[in-house]
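The sequence and structure come before the notes.

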Amino acid sequence: MTTLYIIRHAYAGQHGDPRWPDDSLRPLTGKGQKQFRRVVKKLARRGFAPQVVATSPMVRCRQTADVVCERLSPPPSLVPLDALEPGSRLEELVEWSNAQNVETLAWVGHAPDVDRLAASLLGMRDGGMAFAKGAVAAIRFDDQVAPGEGELVWFANPKILKC
């Protein structure tokens, strides 16, 4: 059995802000970091414990993944993965995930990609999932990660968790 956590990055600086003309460098806000730390703390109490975290190399996703790694014990391994950049590539992500040979892992990415990825894994049409910033979905597979074979175990966001 494999559990995959799909995470949308936490609140980041405003898109188009002249301080980050290169959008890949746009960081989380202080509020976003603080709120996502509370999300991870609450989820960890309920069993959230990925062994490996793959992240888009963009700063806001990397910082979100860093929070996961800092707040869990033992900390998961962290892997920047180009397949999680905007326009995420499901086939590459599935292949990479199954090669990890772990029971729990996470992907940290961007909207609308995380919506589409989760829907594909659950056998839903596009638009069937909507991740708020800092939201996390737990999807379970009987064996390996495979499109259409996942079962949604839970779906949480900062508002539901009162963070």
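Just after helix α1, G47 has a positive phi of about 105 degrees. The model is predicted, so local features need pLDDT of at least 70 and side-chain atom pairs count only at pLDDT 80 or more, while totals for chains, interfaces and linings use all residues. Residues are numbered from 1 along each chain as its sequence is written, and side-chain values use heavy atoms, with hydrogens and water left out.

**Overall fold**

- The protein has four helices and six strands; helices (H or I, at least four residues) and strands (E, at least two) are DSSP runs, numbered from the N terminus.
- From the N terminus on, the order of elements is β-α-β-α-β-α-β-α-β-β.
- The radius of gyration, taken over C-alpha atoms, is 14 Å, close to the 15 Å that the globule rule gives for 163 residues, so the protein is as compact as a globular protein of that length. The globule rule is 2.2 Å times the number of residues to the power 0.38.
- The C-alpha trace spans about 45 × 30 × 25 Å along its principal axes.

**Burial and contacts**

- Of the 163 residues, 48% count as buried, where buried means under 20% relative accessible area, exposed over 50% and partly exposed in between (1.4 Å probe, protein chains only).
- Of the contacts (heavy atoms within 4.5 Å) between residues at least 6 apart in sequence, 70% join residues at least 24 apart.

**Helix α1 (residues 30-45)**

- The 16 residues of α1 should span 22 Å at 1.5 Å a residue, and the end C-alpha atoms are 23 Å apart, which agrees. The expected span is 1.5 Å times one less than the number of residues.
- G32, Q35, F36, V39, V40 and L43 are buried in α1. Seen down the axis of α1, the buried residues fall within an arc of 140 degrees, so they line one face of the helix; the arc is that of the directions from the helix axis to the C-beta atoms.
- On the other side of α1, G30, K31, K34 and R45 are exposed.
- The cover over the buried residues of α1 includes β1 (2-8), α2 (59-71), β5 (136-141) and β6 (151-156).

**Helix α4 (residues 113-122)**

- α4 is mostly covered, with eight of its 10 residues buried; among them are D113, D115 and L117.
- β1, α3 (90-99), β4 (104-109), β5 and β6 are included in what covers the buried residues of α4.
- G123 follows α4 and has a positive phi, near 75 degrees.
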